[in-house]
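Visitor: Hey, could you walk me through this one? I'm new to reading structures.

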Amino acid sequence: MKFQTKIVHITPADELTGAISTPIYQTSSYQQLSPDNTKAGFAYTRTANPTRKAAEDAIAALEGGRFGFACASGMAATDCVLKLLNAGDEVVSVNDVYGGTYRILTTVYNRFGVTSKFVDTTDAQNVADAVSAKTRFVWLETPTNPTLKISDIQAIAAMAHAVGALLVVDNTFLSPALQRPLELGADIVVHSATKYLSGHGDVLGGFVVLNDEALAEQLKYIHNTSGGVLAPLDSWLTLRGVRTLSLRMQKHCENATKVAEFLAKHPKVDKVYFPGLPTHKNHDIAKKQQGGFGGMVSFSLKDDTIAAATKFLTSTQVFILAESLGDVFSLASHPATMTHKSTPPEVRHATGTQDSLIRLSVGIEDVDDLIEDIEKALLN
Ligand SMILES: *Cc1c(COP(=O)(O)O)cnc(C)c1O
């Protein structure tokens, strides 16, 4: 079955009633037949809930994985995966990893004896040079935030496996509609469902998907023990949102391409970061491993100042100035003063996050309105 069909029919009708929309099982516990016997395998919602299970099965199927775990946020999903580590283990991560992932590795897991190295994974050789027998995870995001760097999943999976490490890919920026890391050799996929998966700016959620049964058993134990699970309503909202994922991603890609092309020709714009532009460093890898270039576009201004970026961001009418990404509506943000505010300017500059850098999450509106909005905001 093709992806677009699979996604629309992702959830089977409710077994008990035939309801075509999975019911929201808003319950903490379940009446049991006897102290050691449940009616349908459910005893307590932290351990299992039918609505959450439907969401877990759905996202796992979309990523081409056997096991899925729905978590309270993307960071809760990341935390579950990191809890597979032991003191003495090392993580080799992409250097411009999501800020929350950088923070949890360097200020929380470091206290438990987990060390982290951050390398430029856009050149796969840097990964081969960084990994060692201590490396348990190679942690990748591709494209990265906010400069949309691309790394070769297949090549890096082989390098991780060569030292007995696992490759974890945070697939938030593309979603399984455009990239399926497990099919490219990754071992674990992590998601912030807050973004494209749910897609409507109304859910905070996360997922972990994998194929290995022994590892899935460990994750199931951690998921239930730590308790950062996705609530029934949020599981339902994610299922509700994900049915249109394919369609949304097509439109995000189409609009982002036109926006990037417009920006690339604009006299006030300095650099444009978009994997779909032939000038992008790893455009060919993006073409090879992605089903589309995604909906994220970043750009800097020739007037490379925080003031110039602020002027643009307070002038748009359609683009909403907000954190987050992947929603149906277009969003704009300023990494230097928002997501990367706590990153020292030297560090920020080193990974390309200039003072004027603006990140656009291009929505599914009519692209003419989006371009007109950008054009007017750049005039100011
Ligand atoms: C947002 C985001 C996260 C964290 O997800 P939350 O749902 O906000 O906890 C992790 N990785 C990436 C790439 C993200 O964009």
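Visitor: How far does a backbone N or O atom of Gly74 lie from an oxygen atom of the ligand?

Guide: That distance is 2.8 Å, and a polar contact here is a pair of N or O atoms within 3.5 Å. Keep in mind that this is a predicted model, where local features need pLDDT of at least 70, side-chain atom pairs count only at pLDDT 80 or more, and totals for chains, interfaces and linings use all residues. Residues are numbered from 1 along each chain as its sequence is written, and side-chain values use heavy atoms, leaving out hydrogens and water.

Visitor: And what about the side chain of Asp170?

Guide: One of its N or O atoms is 2.6 Å from a nitrogen atom of the ligand.

Visitor: How many residues surround the ligand?

Guide: There are 14, and Thr194 and Lys195 are among the closest. To be near, a residue needs a heavy atom within 4 Å.

Visitor: Is Cys80 buried or exposed?

Guide: Buried, at 6% relative accessibility. Buried means under 20% relative accessible area, exposed over 50%, and partly exposed in between (1.4 Å probe, protein chains only). Cys253 is buried too, at 11%.

Conventions:
Polar contact = N/O pair within 3.5 Å; in protein donor to acceptor, adjacent residues only side chain to side chain.
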